[in-house]
Amino acid sequence: MLEEMSISDQFVEEIDVTDFESVGEELRPKSEEERNWGVGKFATLWMGSVHNILSYMTVAGFFILGLNSKQVLAAVMTSAVIVSFFYVVNGVASAKYGIPFTMVLRSVFGIKGSKFPALARGLIAGVVFFGTQSYVTAGAMDVIFERIFPGYTSIGGGATILGSPIYTAISFVLVWFITVLLFMGGNKVIDKLGTYASPVVYLFIIGAAVWAINTAGGFGNVLAYAPDNAKFTIPSFIACVSALVSNWAGPIVNTGDFTQRAKDMKSMAIGLPLGFIFSYVLFAITCVSLFAGTALAFPELTSFDIVMSINQMDSSLAVIILIMALNIGAFAFVVFGNLYPAGLQLTSLMPKIFTVKTGGIVTALLGAAILPWKIVNNLFLFYSFIGSMFGPITGIMLSDFFINKKQELNLKEIYAPEGSPLSVSYNKQAMIVLIISFSLSMVGAFLPGIPVLKMLNDFAFFSGLISSFVLYTILTLVQKKS
């Protein structure tokens, strides 16, 4: 399939320049010169971002649920394979036609219909992920500042601001400004952050893994570790995989914003899995080594906290460097995976009001306004909500492109101005399926007493994706026959 698809400008050349007047420059098909990302670029795209503190917190939850080291390794690597697969398949349309995620959404849901999934990806997820990731990063900065300025965490004497300790609120403001400044640097800064953050992160993360393994008395002890409440069930394993996949559900949905720059299909299809799975091998080993190693060496630690685990090191320099390495990964994840997509979506929805940069700034402001520290304490509920949104959107997109449209898009239709004869306002089937699939995946959070609904919510991303793919495929096939 990949070999049959060529990437050229023939699709763009079919469209008159005036057809682009309804969209901004960022939303137009990329030229052949702009499609210059090869295997190496795709391989390094998420390598640094994988190692962010929110991801480590998610994996910590696996141990809390009772999984042992080997089961956690299996859950993390299963997630990596699944995420890589959907990165590729959901990026095919953009790689083939050079168009961003927003315009692929328009081809599926219609001009007006695409606004809800665009808002879900750009604004809702962008806001929440920006806020939670930034607050978690701020908590890590507290540890650094306490090492540099003893007594830092005593600032405020226990007082809080809207529920957050004063010293963490100060760290949060600093993290907020650093992230926004990196984002405001534009595509050049974003590209360099993605390229150069990876080696820095990896250099120190490998060191952390070695320290943890030595602390535990060897990798054999790490692999043999099981928490006191060790308990394995298939449903809990799938729920853990679903949660970690949901952590990357946003980038899965809008992977087209990156694959549109692929110089050929194979570069995207090889580079994304190569880089992501390799990154997750190291991520999995580091997670298990740090959590299991510190649990064995420091049994007084009552929680699986990545920052507290690193803080057990005697060397302040080592603690500062390692936490900063994780924070670099967090900055890359927030800028690449949240502010940039959010800016694109707001630009597509309100081009006269927003640019990519102003859209990103609004996202950052809202990310602080939602009091993200309230969400951090309920990560699995948060992931079930994210999975319930993005699973259905992904399923509908895949069914529409691969089955309904048989991998062929009409760019004249997609870029037709609203109200013109070629434009489509709503795809009713897609909207109906989106509502049904989201409801099926999310209702279990409010009715946990019903086992079937609770299970669908635990597997939110998978249940949403499968139900939407099947329902949308059936509806479109029935419509064609009728």
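Residues are classed by relative accessible area, computed with a 1.4 Å probe and protein chains only, as buried (under 20%), exposed (over 50%) or partly exposed (in between). The structure is a predicted model, in which local features need pLDDT of at least 70 and side-chain atom pairs count only at pLDDT 80 or more, whereas totals for chains, interfaces and linings use all residues. Residues are numbered from 1 along each chain as its sequence is written, and side-chain values use heavy atoms, with hydrogens and water left out.

The structure contains 3 salt bridges, a salt bridge being a side-chain nitrogen of Lys or Arg within 4 Å of a carboxyl oxygen of Asp or Glu. One of them pairs glutamate 408 with lysine 96 at an N to O distance of 3.2 Å. Glutamate 408 belongs to the loop between helix 19 and helix 20 (411-414) and lysine 96 to helix 5 (residues 92-97), so this pair ties together parts 312 residues apart in sequence. Helices are DSSP runs (H or I, at least four residues), numbered from the N terminus. Glutamate 408 is partly exposed, at 46% relative accessible area, while lysine 96 is buried at 7%.

Lysine 405 and aspartate 400 form another salt bridge, with 2.5 Å between the closest N and O atoms. Here lysine 405 is partly exposed (23%) and aspartate 400 is buried (1%). In the salt bridge of aspartate 458 with lysine 454, the closest N and O atoms lie 2.9 Å apart. These two residues are 4 residues apart in helix 22 (residues 451-458), which means a separation of about one helical turn. Aspartate 458 is partly exposed at 30%, as is lysine 454 at 31%.

Alanine 118, in helix 7 (residues 115-148), is buried, with a relative accessibility of 2%. Beyond residues up to four places away in sequence, alanine 118 touches Leu105, Leu123, Gln345 and Leu349, contact meaning heavy atoms within 4.5 Å. The C-alpha atom of alanine 118 lies 8.6 Å from that of serine 348, a residue 230 positions away along the chain.

Ile432, Ile436, Leu440 and Leu471 make a nonpolar surface patch of about 300 Å². Helix 21 (residues 428-442) supplies the largest share of the patch, 3 residues. Leucine 471 is located in helix 23 (residues 460-481) and is partly exposed, with a relative accessible area of 31%. Patches are made of residues with over 30% relative accessible area and no salt bridge; like charges are joined within 9 Å and nonpolar side chains (Val, Leu, Ile, Met, Phe, Trp, Tyr) within 5 Å. Accessible areas come from the Shrake-Rupley method with a 1.4 Å probe, and for residues only the protein chains shown count as cover.
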